Amino acid sequence: MTNLLLSAFYDNVNLNIGPLLMWVFFYTQIIGWLYVMVKYVFKSDKN
């Protein structure tokens, strides 16, 4: 029974939660890069 529970937990993390977290962090990183580009690279020099 313990092996069955551990196997189910491993499959859940390996097949469901792992890729989901990867895509969430991937898209938040892209949003962060876009924010930095808009804020610093494309800003107008008013000084």
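Modeller: Quick term before we start: a residue is buried under 20% relative accessible area, exposed over 50%, and partly exposed in between. Also, this is a predicted model.

Biologist: OK, so where does W23 fall, with its relative accessibility?

Modeller: W23 comes out at 43%, so it counts as partly exposed.

Biologist: What about F26 and Y27, how do they pair?

Modeller: F26 and Y27 are also edge-to-face, at 5.6 Å between centres and 65° between planes. W23, F26 and Y27 make up one aromatic cluster. F26 is partly exposed at 39%, and Y27 is partly exposed at 47%.

Biologist: Switching topic: how many helices and strands does the protein have?

Modeller: There's 1 helix and 0 strands. The C-alpha atoms fill a box of roughly 70 × 10 × 5 Å along the principal axes.

Biologist: What share of the residues is buried?

Modeller: That's 0% of the 47 residues. The accessible surface is about 4,700 Å², and 71% of that belongs to carbon and sulfur atoms.

Biologist: Which residues form the nonpolar patch on the surface?

Modeller: L34, Y35, V36, M37, V38, Y40, V41 and F42, together with about 860 Å² of accessible area.

Biologist: Is F42 buried or exposed?

Modeller: F42 is exposed, at 60% relative accessible area, because that is over 50%. F42 lies in the segment after α1, which spans 2-41.

Key
Residues numbered from 1 in each chain as written. Predicted model: local features only at pLDDT ≥ 70, side-chain atom pairs only at ≥ 80, totals over all residues. Heavy atoms only, no water. Patch = residues over 30% accessible without salt bridge, like charges linked within 9 Å, V, L, I, M, F, W, Y side chains within 5 Å. Areas by Shrake-Rupley, 256 points an atom, 1.4 Å probe, with all protein chains shown as cover. Salt bridge = Lys/Arg side-chain N within 4 Å of Asp/Glu carboxyl O. Helix = DSSP H or I, 4+ residues; strand = E, 2+ residues; numbered from the N terminus. Buried < 20%, exposed > 50% of the residue type's maximum accessible area, 1.4 Å probe, protein only. Phe/Tyr/Trp six-rings, centres within 6.5 Å; stacked < 30°, edge-to-face > 60°.
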